[in-house]
Amino acid sequence: MMSLRMLSASLVSAVLLLSAGCSTFDRAQSAQATPTEQRISSLAALSKHNPVTRTLDIQQWHTSAGTKVLFMAAPELPMFDLRLTFAAGSSKDNTTYGLASLTNAMLNEGTGQLNAGDIATQFEDLGAQFSSGSYRDMAVVTLRSLSDPKLSAPTLALFSDVTAKPSFPADSLARIKNQLLASFEYQKQNPGQLASLALFEQLYGQHPYAHPSSGNAESIPAISAQQLRDFHRTYYSAENAQMTLVGDLTLAQAKAISEQVSTRLPRGTAAAMTPEPLTTAASHTHIEFPSEQTHILLAQLSVKRGDVDYPALFLGNQILGGGGFGTRLMEEVREKRGLTYGIYSSFSPMQATGPFMINVQTRAQLSQATLQLVQDLLREYIANGPTEAELADAKRESLGSFPLSAASNSAIVGQLAAIGFYDMPLTWMSDFMQDLQNLSVTDVHEAFKRHLNPDQLVIVTAGPHVEQLPLPEPVERSGQAATVERQH
Amino acid sequence: MKILLGYIVLFFSSTFITPLMAQTVTTEFSLDNGLKVIVREDHRAPVVVSQLWYKIGSSYETPGSTGLAHALEHMMFKGSSKLGPGESSRILRELGAEENAFTSDDYTAYYQVLARDRLEVALEMEADRLASLTLPEDEFIREIEVIKEERRMRTDDRPSGLAYERFKALAYPASGYHIPTIGWMHDLERMTIADLRNWHERWYAPNNAILIIVGDVAPDEVKTLVQRHFAKIPARPIPATKQPLEQAEPGQRSITLYLKTQLPSLMMGFNVPSLASSDNPTSVHALRLISALLDGGNSARLPTQLERQQELVAGASAWYNAFARGDSLFVLSATPNVQKGKTLAEVEAGLWQQLKQLQDTPATAAELDRVRAQVFAAEVYAQDSITSQAQQIGRLESVGLSWRLQDSDLAALQAVTPADIQAAAQQFFIPTRLTTAYVHPEETRP
């Protein structure tokens, strides 16, 4: 259970390194200087062809117990990954907040014959890595193992026990509850996390996405072992599971593993779909917090999985604030004005409608001016959409980055697990890429207007109340030898 | 959400350097100007990572001028002879590349991950900012504000970050490792563009860098591209550098902090050598095994004994960076299980009991076998990521160790005996090497 082991890791996470890069992009800049391709000779020489992409040979089947399986053989390294997903996230908590998360965290705490220490010892003796996690839609259980059958056979037997036959021992439950309570105390020192919790409450009201997946200090102590057993029996069933296998396995081996693991799971039915949330009204919630920076979140309910507008929203967001340097938000807020270390926007499509969100943090004296600037930038983007040049750049970027999305076994496992869980076609990755390439400026602009309204934002700020300063003047970048000349 | 920065945990205690698998092919060559190039072939997917590591980091800085290595890293994105401010990022983004940079005590590194046919663009731009960085002052005036925001976010508003900064400042009395990589705020306030120009001029030379390329490439093809863009950059004399060294036993130290946190916590750090600074590699490998015995997985001693059996801690960890350029630290940290009424004093006693157990009782064969099984598996798993492979090479090479150490690493760890582990515990875990930080919630300030 990752979040608990992170407790003291968070203490040392500051041990870190710092980094950063920077990017610039000035839409207003006139193209007076030498074209980029004349200055960067290798850019001129670069083939106009799209990059080569790894061919993914994905197999799909259902086990006799009804579990859907996606498999890709990757024999290059002597290892494999197994990921089980269940529609068993916190949206299934009902009024017992944290039930899904606690069930997931307790899987490797005991099987009747084995306690938590025995389970950890056996996995680690075999060089295997077990982990689990629980989110709003899904619960995940994963295994990474060497493919030598002498190691993988006992590893899989143990994995199967832990996933299918957890015993939820009382002493472990008491300990894990205490660790969760400690993690809630840690949340209180983190203004960004407090803001995020408040944001979901504001966005979702009475909907099952509203409460925190990990529950809270009031809900966790009351949860009983019997509730965990019931939740496990209902939601960790073969019919409510999807399995992804990637690695050094033959098709026959993968089929045998999928049978072995799925037939031991409880039998049941696929969980009901999460209902749609009601639309939420505009609001601004402020959390007073004695920090140097104010954390600012702006959000709105926007899009669900499978929506035909998602490719347009995704591509449009890459221009607005997705993925790092070079976006409008990063350029205006960080690069030109030095207001923040990072600003990002994202759409999070879930089974039911998920949020669009912008998050940024800045020194408290500039929080109001920054919030206003971000709202203005968003309003302008929704009103006018991207430029042709921006759209062409974003399309080119998506083509170029496509090979990276399948560069490792772990990247492929992540993609296939999402395809399996959200019931998307096996060709989803290449379909999506093709959809992006077919979009026009109008498509993106119209999709943004359909899904976002700048007057309906839910805003949460967390920081100290201090006297406010006006925005600094933006740095001007004219006269440089280098104006970006887009290549396409 | 995608993480923007190269965010690396400095001390990878339970991570071992991974020996090569039989099938990997690694080629090394140097240009006449001293640039060292290491190419590892990985043909699983048509992608490549390029990382340029400079042997310069915050431990080379001086009082009053902290944060320079990191600030220069930021300014490397602000233009060079062929490129305007931010333009390289813009170009790489359009090519679908992932790119960023990271700075630590010992190194500053820049990387791009991209489709294999685009490698040359990354190399050409990387060479340009090595040879001819612009460093415009107006860009610096904005960027230093970004860096201050980064400091507020990572350190000033994060109790764990602030505590670690103060702990480190005390734990390294003699060497540059006491300097926080991001720099003290008052030094960021008085940094100038002239400081950064000087920094780039002194340290950014091909003979002070290592280029590491991992992916779907052939060494000959890489050599041609690297020659084309880097060979014309002249070598320059680099200032003589001194290895960061500490007193073996500086004396027992402690710091007490009251911070904006709800939970107390504790850090204990012992001054110990690294592989680069020690004349007894066996003791260094023994310390690495100790770190794994304590915290190498959920079955290790800290989670088993302190977290589950005694329920003394909500969490505890141990880590040791054996691959620093100079003398290192062995660190333990823990948060008491306050729900069970445990105190910092009890946790401190519990950690000492763990260290005493290492000194008094030989590790069992079963425990050591488990550590070896994890090392062997980790070496396979690390090969799933071209970035991890490049980073393992860079971390060694940037501190003056050879990437070839990976080949003999498993054997080196296997040669360590239970008696070696006891001897290292007895030698190093003594009060005169110890710095302790006690972190309390602000509300409990007396």
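## Helix H3 of chain B

In H3(B), the residues Leu119(B), Glu120(B), Val121(B), Ala122(B), Leu123(B), Glu124(B), Met125(B), Glu126(B), Ala127(B), Asp128(B), Arg129(B) and Leu130(B) are buried, a residue being buried if 20 or more other C-beta atoms, placed from the backbone, lie within 10 Å of its own. The model is predicted, with local features needing pLDDT of at least 70 and side-chain atom pairs counting only at pLDDT 80 or more, while totals for chains, interfaces and linings use all residues. Residues are numbered from 1 along each chain as its sequence is written, and chains are lettered from A and ligands numbered from 1 in the order in which they are written.

Helix H3 of chain B covers residues 119-131 and reaches 19 Å from its first C-alpha to its last, close to the 18 Å expected at 1.5 Å a residue, the expected span being 1.5 Å times one less than the number of residues. Helices (H or I, at least four residues) and strands (E, at least two) are DSSP runs numbered from the N terminus. The cover over the buried residues of H3(B) includes helix H3 (41-45) of chain A, and from chain B strand E3 (47-54), helix H2 (87-94), strand E5 (108-115) and helix H8 (219-230).

## Where the chains meet

Contacts (C-beta atoms, placed from the backbone, within 7 Å) link 103 residues of chain B with 100 residues of chain A. On the side of chain B that touches chain A, helix H4 (residues 137-156) of chain B gives the most, with 13 residues.

## Chain A overall

Chain A contains 17 helices and eleven strands, and buried residues make up 53% of its 488 residues. Its C-alpha trace spans about 75 × 55 × 45 Å along the principal axes.

Terms used. Two residues are in contact if their C-beta atoms, placed from the backbone, lie within 7 Å. A residue is buried if 20 or more other C-beta atoms lie within 10 Å of its own, exposed if 12 or fewer, and partly exposed in between; C-beta atoms are placed from the backbone.
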